[in-house]
Amino acid sequence: MAEPILEVRGLVKHYPLTRGVRFGRRAGAVRAVDGVDLTLGRGETLGVVGESGCGKSTLARLLVHLERPTAGAIHYKGEDITRLSGRALRAVRRNIQMVFQDPYTSLNPRMTVGDIIGEPYEIHPEAAPKGERRGRVQELLEVVGLSPEHINRYPHQFSGGQRQRIGIARGLALRPEVVVADEPVSALDVSVQAQVVNLLARLQREFELSYVFIAHDLSVVRHISDRVAVMYLGRIVETGTDTGIYDRPAHPYTQALLSAVPVPDPEGREKRERIILTGDVPSPADVPSGCRFRTRCRMAQERCALEMPELAAPTGGGPTGSVAVHEVACHFA
Amino acid sequence: MLLEVRDLHVEFRARDGVARAVNGVSYGVAAGETLAVLGESGSGKSVTAQAVMGILDTPPGRITGGEILFQGRDLLKLTREERRRIRGAEMAMIFQDALSSLNPVLTVGDQLGEMFVVHRGMSKRDARVKAVELMDRVRIPAAKERIRQYPHQFSGGMRQRIMIAMALALEPALVIADEPTTALDVTVQAQIMELLAELRRETGMALVLITHDLGVVADVADRIAVMYAGRIVESAPVHDLYRAPAHPYTQGLLDSIPRLDHKGRELHAIRGLPPNLLTVPSGCAFHPRCPRARDECRTDVPPLHTVDARRGSACHLWRECLHG
Amino acid sequence: MSELIDPVAGIGAETASARLDRPRSLWSDARRDLCRNPVFVVSALVILFLVFVSLWPAAIASGSPLACDLAKSRQGPGPGHPFGYDGQGCDVYTRTVYGARTSVTVGVCATLGVALLGSVLGGLAGFFGGAGDAVLSRITDVFFAIPVVLGGLVLLSVVTSDTVWPVIGFMVLLGWPQISRIARGSVVTVQQNDYVQAARALGASHSRILLRHIAPNAVAPVIVVATIALGTYIALEATLSYLGVGLKPPSVSWGIDISAASPYVRTAPHALLWPSGALAVTVLAFIMLGDAVRDALDPKLR
């Protein structure tokens, strides 16, 4: 793995649940993110997959400081940035930017495209002198494949795919090193998704970006990611290289998730074996004891209810080298 | 044919003009068959289904031409009352958003039972027994207890099961499912698709599956109709279409799927954007995005050419497309 | 209809038509909608006329509203005096025209005050949340519990000033919680949009987020409610004046005139008819305008 640019250790985000109108007592918590360790290497793409409610979006918001973690730490280039504020936080924000899922709500409808992409320079005036800003915005438009002449238009004059390009241009304006993309293509039409995936891949090479790419579409994640982390109910259950995860999934959840993805090829569909999970994801406000997946797991035993499995190299699988590239949180893997 | 749509035209009057959402669509569904209607947003796939079901909002929508033959009768010539009696009893629909399709202030049991009270004139008590049966059939655990619960007390997957139960209540010959799993997670999607397949085998109903997901289509469909800008651009049995698409749009969609051997390389993206229905390009609507486009594509609307007995392609260059 | 949410959304890059080059925003769309709406056109014309009359009443009424001749008390219409005379022998036409000024002044000032105070307090509460928000919510609850007319009778009966300001002050005092609640809700909704999150992620200051991102997107419901409220404030002023606690003679107000004319409704109905008619038309015009504005700004509410 390349030298780490972003390291996350024991990250926790709990949202307290209160009962009563305003001044109610605490009644438990939604454990959105519950002890996540991640490492993002420079120039690398880390895919994070999981179903709704697994905490992947909260994780994204924690990484870009939209939320304060309940516990744990985020290191950027070795420096602990978890509790920064004021000027120091602003400086870090320049380097960690976000691309949002919904291109319809992520652009202010009352601002022109030029104002939207140029806003980062107004917030960080040191990034570009006033006279150069318009030129830079036009450059950015060109970089993301839009016409620089569109600078005075409003977001509603663009299609979803074009809006997503505008959102990407805004995210790149400050030349960040890390981009956290939260489901950046899932709201787009199928024929446009591939364009945006290609754009993100090209920008990564051009600007030497490191991506945290969060998605539920496993095939897109596989295509763009160097490493993949699978999340379930606020924790990472398996992490490894893309081939490690997709070809030798060790966690029963990863196996079920991969087998549930419909294969876009009707050949041999009658013979295809599926692991169909029973039931739904439990509520993050009421997390099962021990292994969180045990309520839906076909391998679950008594031990799973008592002990929480930690991430560790799977027995037998994976190359035994200096770094544990493949880790899985299951007692039986 | 159980259902035959012939040359259907639907328009919407929007602020900036008239949008031709459906522009001469024809397809047929045989009894017991699964037809997938594949298309992106704005392709007219949902509008066609709404016209078939008779739930199109008019205005702003308007059916300006065509026939919808269901069991030999033209639905567009029936009275409101006659159509209402067909809806639910002989054809039913499953929607994407189960939460907003269920009434939040009625219990699930009441909503399921209502189908029997309204269409079959059953007593409330009998209808309730039927409702429990239905919930068992769509594999909702503890149906007897959960029948008194409200929609919000069910998870997304369970709500979609309830929707399916409602659609199947009166054993319709045709079920139209409009993006039934788009709002669901993959593992739940797999459950629902499996359930639909099982129920289809049990009841022998025909299914029209409206979706944009090439994976789901490959899994369950017998035949596929690909829609683009209000027209069917290709129609074929599922194996033929995936093996050798006969329309550049279908080809583009299949090529843009990330594949193993393309890892790290550019995806084959279709250039450009889906067209605006108010200003559909002249000739073949796909020509501005088509890598094969020629002059005739800009001027002449391609008819649905017969590729073989069971396939059609609305491309002037379908032969090249099929073989190259 | 989900496929047609935004008719412009699917414009292809190659087919991007010329009409797109004209920047269009929600406001210009709204303006276009409004100009085509007959309800808006009619109510706007009525309101324009009212504003004109209240600025230059002398343009259409030559006499003074205070020039009265008891000898002509309750006389019917005559040449030059199309509406006849009231109990004091004042010209009903002139008084009705001059009454518009009071009504428009009270309506506009009260609405401005209410909108300003309400949206600032409500907006800040919605944006920052926490204890301040909780306290403000309780305060608005308290204000909602006060019956307006009773409150007016109690509070305004101790005021002796004969200007419009105590009445306006009273309306602002009781009216701001309504706007504050709307503004708070609107800000909370807008705040959930990803563009607000994007600005936060860029490190934007609170004031930038509030002024550039939230306020322009949250203001529409406030405008709608304020426009409708304007009509009700005019009606409230008349009510309070009728009850004798609003404006007091020698101020000229439709409420005062209605109050003075009501005992003689059988013998001299014209003295009651004209001021009440003017009041009804005015209130209706503002409420209809508010409805039209709402339709234009928020088509989903229709």
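Among contacts in chain C between residues at least 6 apart in sequence, 71% join residues at least 24 apart, two residues being in contact if their C-beta atoms, placed from the backbone, lie within 7 Å. This is a predicted model, in which local features need pLDDT of at least 70 and side-chain atom pairs count only at pLDDT 80 or more, while totals for chains, interfaces and linings use all residues. Residues are numbered from 1 along each chain as its sequence is written, and chains are lettered from A and ligands numbered from 1 in the order in which they are written.

Chain C contains 10 helices and 0 strands, where helices (H or I, at least four residues) and strands (E, at least two) are DSSP runs numbered from the N terminus. Of the 302 residues in chain C, 43% are buried; a residue is buried if 20 or more other C-beta atoms lie within 10 Å of its own, exposed if 12 or fewer, and partly exposed in between, with C-beta atoms placed from the backbone.

Helix α3 of chain C (residues 92–128) has 37 residues and reaches 53 Å from its first C-alpha to its last, close to the 54 Å expected at 1.5 Å a residue, the expected span being 1.5 Å times one less than the number of residues. α3(C) is mostly covered, since 27 of its 37 residues are buried, and α3(C) is followed by Gly129(C), whose phi is positive, near 65 degrees.

Elsewhere in chain C, the axes of helix α2 (residues 38–55) and helix α10 (residues 269–297) come within 8 Å and cross at roughly 135 degrees. Axes here are lines fitted to C-alpha atoms, for helices over the stretch in contact, and angles run from 0 to 180 degrees between N-to-C directions. α2(C) and α10(C) are therefore oblique to each other, because angles under 35 degrees count as roughly parallel, over 145 as roughly antiparallel, 65 to 115 as roughly perpendicular and the rest as oblique. The residues that make the contact include Phe40(C) and Leu50(C) of α2(C), together with Phe286(C) and Asp291(C) of α10(C). They divide into 12 nonpolar, 2 polar and 1 charged, with Ala, Val, Leu, Ile, Met, Phe, Trp, Tyr, Cys and Pro counted as nonpolar, Asp, Glu, Lys and Arg as charged, and the others, Gly among them, as polar.

Between chains A and B, 31 residues of chain A are in contact with 35 residues of chain B. On the side of chain A that touches chain B, the elements giving two or more residues are α6 (190–207), α7 (218–224) and α9 (252–260) of chain A, and α6(A) gives the most, with 7 residues. The residues of this side of chain A divide into 15 nonpolar, 9 polar and 7 charged.

Also in chain A, 6 of the 8 residues of helix α1 (residues 56–63) are buried, so α1(A) is largely enclosed by the rest of the structure. Just after α1(A), His65(A) takes a positive phi of about 65 degrees.

Ala142(B) is exposed, with 10 other C-beta atoms within 10 Å, and Glu171(B) is exposed, with 11 other C-beta atoms within 10 Å.
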